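Student: I would like a close look at one part of this model. Please take me through it step by step.

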Amino acid sequence: MSEMIRLEQVCLRFKTGFALDGLSFQVEAGQVFGFLGPSGAGKTTTIKLLTKQLQKDSGQIHLLGKPIEEVSRDDFEKIGVLTDTNGLYERMSIEENLRFFARLRNVSLARGEELLKRMGLYESRKTPVKKCSKGMRQRVSLAVVLLHEPKLLFLDEPTSGLDPATIQEVHRLLLEMKEEGTTIFLTTHNMEEADKLCDCVGILDQGRLVTSGSPLELKLRYAHDRINIRTAGGEVITVNKDAAGAEKILELARAGQLMTVHSEEPNLEEIFLMLTGRKF
Amino acid sequence: MNLKKTGILYGKDLNDFMKNPGISVAALIPVLFVVLYRSIGLADAMGDYASYFLLNIGTVMSIAMVALLLVSTSVAEEKEKFTLRTLMMSNVRASEFLLSKILVTLTVLLICNTLIFILSGSALSALPFYLLCCILGSASLIMFSACIGIMARDQMSTSIYQIPIMLLVMLPAMLSEFNSFIGTLASLTPIAAMMNLFGNFQAGQLASAASLQALAVMLVWIAVPSLLFAWLYRRKGIDN
């Protein structure tokens, strides 16, 4: 199976207006797809549609290579979903939560123990969830989602509210999963995260996909047509990427005045601002 | 429906009930009430009537509180804390989820009512039939509780629906001895109907028109919330 997710002209309307307005994109198997956009853009709604928590008004959705209407309960055994709310049993300990979900998923308890160790939660496994920090809860939720080794993983802002060390740990884990062939659909506000993890990103605004491609493709596609030159005297000169600009660089080089040459590529946040005029 | 999953959910729900003092203490209140009545000597002053009085009032309180409280509060809490969504994403069906809650309610109810029965001093030979009556009498309230669980957004809002139904079924049954009109009204409530059925059994008049009437009242009370539940579930689903 090469295509894990495909949306064609998907529309969903709430009472307040269009949540998704002709959304189309596809995610190949083994890819990490970053779904970027500001709050209310439709990211979580898209995950809810893809996990059958909501139903589309129109358009086509294919999941795991088949129309979503044909996706069965058994197919959902191949899917893991981490939502923006970590639904854990607060009166249970971390270990009890893992054991409970492992039994529900018919997974060995050893797998739960292995995940606790990988998430750095093994030492605090007896702690009740209600006494855990937000970061710990997020790691427990991630461990729960990974218990049954899903082939397709939906992660709704998985590193939101985590400290930098935990974010790094989560990133390392996700990259390991990618190496193992897991397809990951990731929504995030964090542009550095998208840059680091994603093979492909889609930028969503007001229910519409405004652009998509690999982070590098997007940076090149929306690159500024300018080059910054620093001279030996410390002066910064900006030239265009044209024959005149090349002539200027050559001239400075001949005179021994050329120190550095940098082309200006926007980051993903700048690209988003450029395309939508809105902040994340 | 996967019975193994239901069993796993049942274990979790029972464990959660015991760890949740807000619910477990409420379930014990009718038992404690009977213990209190016995320990301060009020029951002794009543003579032969004490056994009937304690069983009646303890059962009414127990069924009205436990049957109505447990499913709705538990479903609402799972919605409020998003654990229901995690369960649905873990391939749990709504039927497995609800059956587990209903089984936990019945377990708690049967344990509490067995204690009430023993503490009231009733003849132990009647215990099996009494428990059967308890299941019949509580079924309608358990279904109402499931409806409330679907309608309520969170635990706080469950009480808006619970209290009127609790008063409707509990008060006439508790006050039926004091006024004939209330007594007639009470006979149309499921708990009083079950106590009437049990009373007929103890009096050796199980095969009577009064028993049939009591059974009919209970069945109607079971049918109404069951239909309401089916309608609500089709309209709103479990995790609305």
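Student: What should the 13 residues of helix H10 (residues 190-202) of chain B span at 1.5 Å a residue, and how far apart are its end C-alpha atoms?

Tutor: Bear in mind that this is a predicted model. At 1.5 Å a residue, the 13 residues of H10(B) should span 18 Å. The end C-alpha atoms of H10(B) are 18 Å apart, so the two values agree.

Now its surroundings. The buried residues of H10(B) are Pro190(B), Ile191(B), Ala192(B), Ala193(B), Met194(B), Met195(B), Asn196(B), Leu197(B) and Phe198(B). Their cover includes H4, helix H7 (127-151), helix H8 (155-175), helix H9 (180-186) and helix H11 (209-236) of chain B. Just after H10(B) comes Gly204(B), with a positive phi of about 75 degrees.

The axes of helix H2 (residues 21-39) of chain B and helix H4 (residues 49-80) of chain B come within 9 Å. They cross at roughly 175 degrees. Angles over 145 degrees count as roughly antiparallel, and H2(B) and H4(B) are therefore roughly antiparallel to each other. On the H2(B) side, the contact residues include Ile23(B), Ile29(B), Phe33(B) and Tyr37(B). H4(B) contributes, among others, Leu54(B), Met61(B), Met65(B) and Leu69(B). By class, this contact has 14 nonpolar, three polar and no charged residues. Gly58(B), Ser62(B) and Thr73(B) of H4(B) are among the residues that make the contact.

Key. Residues numbered from 1 in each chain as written. Chains lettered and ligands numbered in written order. Predicted model: local features only at pLDDT ≥ 70, side-chain atom pairs only at ≥ 80, totals over all residues. Axes fitted to C-alpha atoms, helices over the stretch in contact; angles between N-to-C directions. Helix = DSSP H or I, 4+ residues; strand = E, 2+ residues; numbered from the N terminus. Parallel < 35°, antiparallel > 145°, perpendicular 65-115°, else oblique. Contact = placed C-beta atoms within 7 Å. Nonpolar A, V, L, I, M, F, W, Y, C, P; charged D, E, K, R; others polar. Expected span 1.5 Å × (residues − 1). Buried ≥ 20, exposed ≤ 12 C-beta atoms within 10 Å, placed from the backbone.
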